[in-house]
Amino acid sequence: MEEFKKKGNDFYINESYEDALYCYKEAIKLSPDNHILYSNISAVYIRKKNYDEALKNAIKSTKLMPS
């Protein structure tokens with residue numbers, strides 16, 4: 001999971017949002033309760049101006065970790 005997350009972060013920094021999204025979603029398959037991954041996906045969707053998906057993932061993240 002950490003490898004996918006790290007790759008996703010690298011892609012995000014380099015503005016390769018589709019690749020980042022792929023990596024984060026692969027990481028979620030391995031760690032479905034990781035709130036950080038949903039937050040990262042939300043950030044990608046914001047960059048892609050897909051605000052509905054960004055909100056869905058932000059809500060999932062906060063449900064997993066309300067604080």
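Helix 1 and helix 2 are roughly antiparallel to each other, where angles under 35 degrees count as roughly parallel, over 145 as roughly antiparallel, 65 to 115 as roughly perpendicular and the rest as oblique. The model is predicted: local features need pLDDT of at least 70, side-chain atom pairs count only at pLDDT 80 or more, and totals for chains, interfaces and linings use all residues. Residues are numbered from 1 along each chain as its sequence is written, and side-chain values use heavy atoms, leaving out hydrogens and water.

Helix 1 spans residues 2-13 and helix 2 spans residues 17-30. Helices (H or I, at least four residues) are DSSP runs, numbered from the N terminus. The two axes come within 8 Å and cross at roughly 160 degrees. Axes are lines fitted to C-alpha atoms, for helices over the stretch in contact, and angles run from 0 to 180 degrees between N-to-C directions. The crossing of helix 1 and helix 2 is left-handed, that is, the near helix is turned anticlockwise from the far one by less than a right angle.

Helix 1 brings Phe4, Lys5, Lys7, Gly8, Asn9, Phe11 and Tyr12 to this contact. Helix 2 answers with Tyr17, Asp19, Ala20, Cys23, Tyr24, Glu26, Ala27 and Leu30. Contact means heavy atoms within 4.5 Å. By class, this contact has nine nonpolar, two polar and four charged residues. Here Ala, Val, Leu, Ile, Met, Phe, Trp, Tyr, Cys and Pro count as nonpolar, Asp, Glu, Lys and Arg as charged, and the others, Gly among them, as polar.

Helix 1 has twelve residues and reaches 16 Å from its first C-alpha to its last, close to the 16 Å expected at 1.5 Å a residue. The expected span is 1.5 Å times one less than the number of residues.

Next comes the loop between helix 1 and helix 2, which holds glutamate 15. Most residues other than glycine have a negative phi. Glutamate 15 has a positive phi of about 65 degrees, although it is not a glycine. Glutamate 15 is also exposed, with a relative accessible area of 58%. Buried means under 20% relative accessible area, exposed over 50%, partly exposed in between (1.4 Å probe, protein chains only).

Now follow helix 2 to its other partner. Helix 2 and helix 3 (residues 35-47) pack at an angle of about 160 degrees, with their axes 10 Å apart. That makes helix 2 roughly antiparallel to helix 3. Their crossing is left-handed. From helix 2, Tyr17, Ala20, Leu21, Tyr24, Lys25, Ala27 and Ile28 meet Leu37, Tyr38, Asn40, Ile41, Val44, Tyr45 and Arg47 of helix 3. These residues divide into eleven nonpolar, one polar and two charged.

Helix 3 has 13 residues and reaches 19 Å from its first C-alpha to its last, close to the 18 Å expected at 1.5 Å a residue. Its buried residues are Leu37, Tyr38, Asn40, Ile41, Ser42, Val44 and Tyr45. Their cover includes helix 1, helix 2 and helix 4.

The loop between helix 3 and helix 4 contains lysine 49. Lysine 49 has a positive phi of about 60 degrees, although it is not a glycine. At 62% relative accessibility, lysine 49 counts as exposed.

Helix 4 (residues 51-64) holds serine 61. Serine 61 is buried, with a relative accessible area of 8%. Leaving aside neighbours within four places in sequence, serine 61 is in contact with His35, Tyr38 and Ser39. Threonine 62 is also in helix 4. At 45% relative accessibility, threonine 62 counts as partly exposed.

Conventions:
Helix = DSSP H or I, 4+ residues; strand = E, 2+ residues; numbered from the N terminus.
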